[in-house]
Amino acid sequence: MPAMSAGLDWSEPRIMGILNVTPDSFSDGGHYTDLTAALRHADAMTTAGATLIDVGGESTRPGAEPVPVQQELDRVIPVIEAIAARLPVMISIDTSKAAVMRAAIQAGASLINDVNALQGEQAQETALALGVPVCLMHKQGEPANMQHQPHYTDVVQEVRTFLHTRAQPLLAAGMPPHQILLDPGIGFGKTLAHNLTLLRELSTFTQLGHPVLIGISRKSMLGTITGRTTTDRVAASVVAAVLALQQGANILRVHDVGPTADAIKVWSAIQQGS
Ligand code: 9MG
């Protein structure tokens, strides 16, 4: 089965491995800015069970500043080309910029992961013209200021309405629901209480008729709960991922692919009774 159709079958949980080719991402910043190191890490994540590799060239951690389009292109395009040429894995491009979307798909990516839910200039038109699956994520504010004072009257309903609304133009243009992934955006303009509420009520999102992607891996809420540093949050990340699966999440965006793959195997065996 080609990687594209394998990746689009959401009937079983899928792992999206994180590959940040940035100097400043919160957990792996600066580790994979060299092409050889990036490719080696993508290979390791693919072998460990990732169906998708999410390549990002602009950090979205709280406090991060935007990078110019050419810098983002210079970071991600060689990596996408190298992965596409060598590894049997679907590549997603983590970007909000139309020009990066276009170049990344041309280079071999086949999914757009936009933390800005295609609200940027020409982003929605570009995604539709490219005709590839997209992930629409919710955030309040911008990475530079989003954790200052996040506020919601009803976080679940507000995030649900946002995602539902952002999906409508894509559906109206003929994009099938299974190609529009929804993501409540854990840690993006949310307090610990907001994140916990969203995770507890995740089934609200899995009932919307789209695949649901969850990214909680190593995030600061897990540090707040456990007191552990970013690289020491594997167990906390895996537990949170399994609880998301239990509520119907389809795609887990993670740093620690091997432990997450083991957890999915155990979870699936329990579901199936074998
Ligand atoms: C790029 N990025 C960082 N965190 C993320 C998350 O939780 N979801 C998605 N879709 N992308 C993310």
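Where is the place of Leu-118? Leu-118 belongs to the loop between E4 and H5, in the naming used here for helices (H or I, at least four residues) and strands (E, at least two), which are DSSP runs numbered from the N terminus. The model is predicted, so to speak plainly about its limits, local features need pLDDT of at least 70 and side-chain atom pairs count only at pLDDT 80 or more, while totals for chains, interfaces and linings use all residues. Residues are numbered from 1 along each chain as its sequence is written, and side-chain values use heavy atoms, with hydrogens and water left out.

Phi of Leu-118 is near 60°, a positive value, and the residue is not a glycine. Most residues other than glycine have a negative phi. Ala-117 also lies in the loop between strand E4 (111-114) and helix H5 (123-130), and its phi is positive as well, at about 50°. Are these residues buried or exposed? Leu-118 is buried because its relative accessible area is 3%, and Ala-117 counts as buried because its relative accessibility is 0%; buried means under 20% relative accessible area, exposed over 50%, and partly exposed in between, with a 1.4 Å probe and protein chains only.

Attention now turns to the ligand. Its surroundings consist of Thr-60, Asp-94, Asn-113, Val-115, Cys-135, Met-137, Asp-183, Phe-188, Leu-213, Gly-215, Lys-219 and Arg-253, where a residue is near a molecule or strand if one of its heavy atoms lies within 4 Å of it. By class, this shell holds five nonpolar, three polar and four charged residues; Ala, Val, Leu, Ile, Met, Phe, Trp, Tyr, Cys and Pro count as nonpolar, Asp, Glu, Lys and Arg as charged, and the others, Gly among them, as polar. At least two shell residues come from each of strand E5 (134-137) and strand E7 (213-215).

Which atoms lie 2.7 Å apart at Lys-219? They are a polar side-chain atom of Lys-219 and an oxygen atom of the ligand. Asn-113 places a polar side-chain atom 2.8 Å from a ligand nitrogen atom, and a polar backbone atom of Gly-215 is 3.2 Å from an oxygen atom of the ligand. The protein buries 96% of the 310 Å² that the ligand exposes when taken alone, with accessible areas from the Shrake-Rupley method and a 1.4 Å probe; for residues, only the protein chains shown count as cover.

Other loops complete the tour. Glu-142 sits between E5 and H6 and counts as partly exposed because its relative accessibility is 42%. Its side chain is joined to that of Lys-139 by a polar contact of 3.3 Å, a term for a pair of N or O atoms within 3.5 Å; within protein, one must be able to donate a hydrogen and the other to accept it, and residues adjacent in sequence count only if both atoms are side-chain atoms.

Gln-179 is in the loop between helix H6 (155-172) and strand E6 (180-183) and counts as buried because its relative accessibility is 16%. Leu-8, in the loop between helix H1 (3-7) and strand E1 (14-20), has its C-alpha atom 9.7 Å from that of Pro-211, 203 residues apart along the chain.
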